[in-house]
Amino acid sequence: MKCEICGRAAKSRFCERHEEAYNSLLTTYEEWRKAMDISWRDYLKEIKENPYAGRWAKEVAGHLLASEQS
């Protein structure tokens, strides 16, 4: 199986690095949602545009947004 984002070997839909970033996004979203009223889509947009977000997280956020639109 290959990562949906980068094509590296993967055990699930993402490689190890993107899977870690995805899990981090899920955890962090729960914190954001408790602190403010924000949708998953708006949260992903914020992460994608955040200059302080990591590369892997931005790639996952961008991929999730793109796959949601198709």
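Modeller: Start with accessibility. Buried means under 20% relative accessible area, exposed means over 50%, and partly exposed lies in between, using a 1.4 Å probe and protein chains only. This is a predicted model, where local features need pLDDT of at least 70, side-chain atom pairs count only at pLDDT 80 or more, and totals for chains, interfaces and linings use all residues. Residues are numbered from 1 along each chain as its sequence is written, and side-chain values use heavy atoms, leaving out hydrogens and water.

Biologist: Why is Lys2 called exposed?

Modeller: Its relative accessible area is 61%. The cut-off for exposed is over 50%, so Lys2 counts as exposed. Lys2 sits in the segment before α1. Helices are DSSP runs of H or I with at least four residues, strands are runs of E with at least two, and both are numbered from the N terminus.

Biologist: What does Lys2 contact, leaving aside its neighbours within four places in sequence?

Modeller: Gly7, Arg8, Ala10 and Arg13. Contact means heavy atoms within 4.5 Å. Lys2 and Phe14 are twelve residues apart in sequence, with their C-alpha atoms 7.1 Å apart.

Biologist: Is Cys15 buried or exposed, and how do you know?

Modeller: Cys15 has a relative accessible area of 3%, so Cys15 is buried. Cys15 also lies in the segment before α1. Beyond four places in sequence, Cys15 touches Cys3, Cys6, Arg8, Ala9 and Ala10. From Cys15 to Glu4 the C-alpha distance is 8.1 Å, at eleven residues apart in sequence.

Biologist: What about His18: buried or exposed?

Modeller: Buried, because the relative accessibility of His18 is 0%. His18 belongs to helix α1. Setting aside neighbours within four places in sequence, His18 contacts Cys3, Ile5, Cys6, Arg8, Trp56, Glu59 and Val60.

Biologist: And Glu49, buried or exposed?

Modeller: At 61% relative accessible area, Glu49 is exposed. Glu49 is in helix α2. Glu49 and Gly62 are 13 residues apart in sequence and 9.5 Å apart from C-alpha to C-alpha.

Biologist: Now the helices. How do α1 and α2 cross?

Modeller: Helix α1 covers residues 16-35 and helix α2 residues 40-49; their axes come within 11 Å and cross at roughly 110°. That angle makes α1 roughly perpendicular to α2. Axes are lines fitted to C-alpha atoms, for helices over the stretch in contact, and angles run from 0 to 180 degrees between N-to-C directions. Under 35 degrees is roughly parallel, over 145 roughly antiparallel, 65 to 115 roughly perpendicular, and the rest oblique.

Biologist: How are α1 and α3 set relative to each other?

Modeller: Helix α3 is residues 55-69, and the axes of α1 and α3 come within 8 Å, crossing at roughly 75°. The two helices are therefore roughly perpendicular. The contact includes Ala21 of α1 and Val60 of α3.

Biologist: What makes α2 and α3 oblique?

Modeller: Their angle is about 140°, with the axes 8 Å apart. Oblique takes the angles left over from the named ranges, so α2 and α3 are oblique. Their crossing is left-handed. The contact between them divides into seven nonpolar, two polar and five charged residues.

Biologist: What is the largest nonpolar core made of?

Modeller: It has 18 residues, and those with the most contacts inside it are Leu25, Tyr43, Leu44, Ile47, Val60 and Leu64. α1, α2 and α3 each give two or more residues. The largest share, five residues, comes from α3. A nonpolar core is a set of buried Ala, Val, Leu, Ile, Met, Phe, Trp, Tyr and Cys residues joined through side-chain atoms within 4.5 Å.

Terms used. A crossing is left-handed if the near helix is turned anticlockwise from the far one by less than a right angle, and right-handed if clockwise. Ala, Val, Leu, Ile, Met, Phe, Trp, Tyr, Cys and Pro count as nonpolar, Asp, Glu, Lys and Arg as charged, and the others, Gly among them, as polar.
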